[in-house]
Amino acid sequence: MVWMVREMVSEILERMAVHRAPFRLEHFFYQCNRVGVGSVPMSVLLSVFVGLTMALLTGYQLERFGLVTLVPAVVSVSFTREMGPLFTGIVLASRIGAAYTAELGAMTAGGEVDAIEGMGIGATRYLIAPRLLAIFLLTPCLTVIGIISGIVGAAFISNLTLQLSFGYFFDEVMTNLLVKDVMAGIVKSFFFGAIIGTIACYKGLSVRGGAVGVGNATTSSVVSAICTVIACDSFCNIVIVTFFP
Amino acid sequence: MSTTSNILVEMRGVKLKFSDKVILDGVDISVREHEVLVILGMSGGGKSTILNLLMGLIKPDEGELIFKDEDLVKLTRSKLNTARSHMGMVYQTAALISSMTVRDNIGLPLQELSEKHEEEIDSIVDAKLELVGLKDVREKLPSELSGGMQKRVGLARALALEPELVLFDEPSAGLDPINSRLIDDLIIGLRETQKVTSIVVTHQMESAFFVATRMAFLHEGKIILEGEPEAFRQSDNPIVGKFLASYSEHKKDKK
């Protein structure tokens with residue numbers, strides 16, 4: 001994996017040294033559209049339902065102590081710092097990571113990657129760079145959309161079942177949500193994007209054994225990406241809580 | 001000196017092992033400019049590996065791979081990529097990019113490695129397609145083409161950058177006799193009209209004798225015979241003799 005990233009970076013630098021674009025912009029925008037625009041519906045849907053469920057269950061517990069007014073603060077902070085980035089990571093690992101691995105795997109198995117390399121084009125630069133950059137840059141954007149969707153879902157159910165007005169809910173969100181919470185969520189999501197993209201592309205390029213190999217690599221890619229994202233999330237939380245309390 | 005300057009490709013003592021299996025055990029072979037070298041040998045004997053070594057897709061454990069007086073093994077990646085742009089390879093499976101049209105497949109090396117504008121690229125694509133006898137497939141996807149057409153598009157792509165060396169990996173495998181002959185004619189045409197040097201790996205004896213100006217036989221990782229096609233026919237090497245006899249007997253049986 002380190003080899004792949006190193007090759008890609010050095011191919012890009014060599015390309016830029018001769019004043020050529022590192023990759024074609026149309027490829028990058030195509031990947032951005034796929035990763036970003038294409039993932040919005042799934043991310044929004046998932047986040048709304050998770051936000052809704054979270055508010056419902058939190059409210060149900062806090063109601064017993066007469067603290068139902070804390071729901072907006074609890075939901076918004078936890079969604080911004082934790083649930084939003086994590087669920088976006090899981091959505092992207094399963095949707096985009098799987099697609100990256102499958103298509104690069106099929107290209108590897110079909111000899112297309114070797115053909116690109118054999119032409120002297122640089123397969124990692126040509127194939128990996130636009131994909132990796134797109135997922136790296138678009139994961140934070142999707143995370144923000146996911147966070148907003150989750151909070152809206154929570155506000156909706158709070159209004160229906162906990163009698164918290166939309167105005168009160170959003171006032172509380174604005175009061176309790178700190179810049180560092182938002183930053184924590186966004187910074188984590190950059191890492192998640194890089195992890196998902198790198199694992200997916202590496203698994204795709206490492207495919208051996210035709211169609212079965214592609215299937216196995218895709219499964220392995222999704223499982224590895226989700227596990228690594230969750231592990232990275234825990235690590236980031238430890239660092240954030242320790243150094244930025 | 002005049003002899004060496006005429007040599008475009010040279011392999012010196014090339015050794016390669018995959019795990020414990022010896023694939024190449026000291027291969028020495030040279031290819032002169034404007035010749036068609038056909039490499040023969042048993043299946044799984046390492047013939048295609050030689051082509052992959054020349055393309056720099058794998059590195060040998062030992063030995064030198066000289067192309068245009070430079071050792072490909074020692075080149076930095078950017079210099080290797082430059083060397084690769086002087087070569088073209090026609091793969092056994094064509095290896096066209098399945099998501100791209102024929103036009104984009106042939107135009108890919110031009111877009112990525114040259115400074116040409118789209119209009120120039122279009123005209124080169126058209127010229128290469130005409131050369132391989134496929135004028136009306138520009139906007140088709142590889143999956144919409146037959147095996148023979150895919151191989152010809154693969155050849156057009158390999159020729160896009162006007163390479164000095166073209167490597168053919170089983171160019172006629174799986175093709176009907178008409179398409180097979182068409183590919184053979186293209187190989188000969190490239191040598192005669194465009195002075196392209198070719199290395200062809202094949203099992204098709206008819207095709208091999210038709211296109212070759214020189215032949216080499218790879219057996220157990222070594223080149224055991226090298227020479228002109230006529231020398232092969234008259235060779236008393238038992239392995240080569242058996243290989244050629246199997247082909248002749250097969251042909252006779254069919255008759």
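## Ground rules

Helices (H or I, at least four residues) and strands (E, at least two) are DSSP runs numbered from the N terminus.

This is a predicted model, in which local features need pLDDT of at least 70, side-chain atom pairs count only at pLDDT 80 or more, and totals for chains, interfaces and linings use all residues. Residues are numbered from 1 along each chain as its sequence is written, while chains are lettered from A and ligands numbered from 1 in the order in which they are written.

## Strand E8 of chain B

Let's start with E8(B), residues 197–201: five of its five residues are buried (20 or more other C-beta atoms within 10 Å of a residue's own, with C-beta atoms placed from the backbone). Thr197(B), Ile199(B) and Val201(B) point one way, and Ser198(B) and Val200(B) the other. In a regular strand, side chains alternate between the two faces of the sheet.

## Its partners

E8(B) pairs (at least two DSSP bridges) in the parallel sense with strand E3(B), residues 36–41, over four bridges. Strand E7(B), residues 165–169, also runs parallel to E8(B), joined by five bridges. Val201(B) stands opposite Ile39(B) and is also the bridge partner of Asp169(B).

Which residues does Leu167(B) touch, beyond its neighbours within four places in sequence? Its contacts (C-beta atoms, placed from the backbone, within 7 Å) include Leu51(B), Leu54(B), Met87(B) and Ile199(B).

Definitions and conventions
Buried ≥ 20, exposed ≤ 12 C-beta atoms within 10 Å, placed from the backbone. Contact = placed C-beta atoms within 7 Å.
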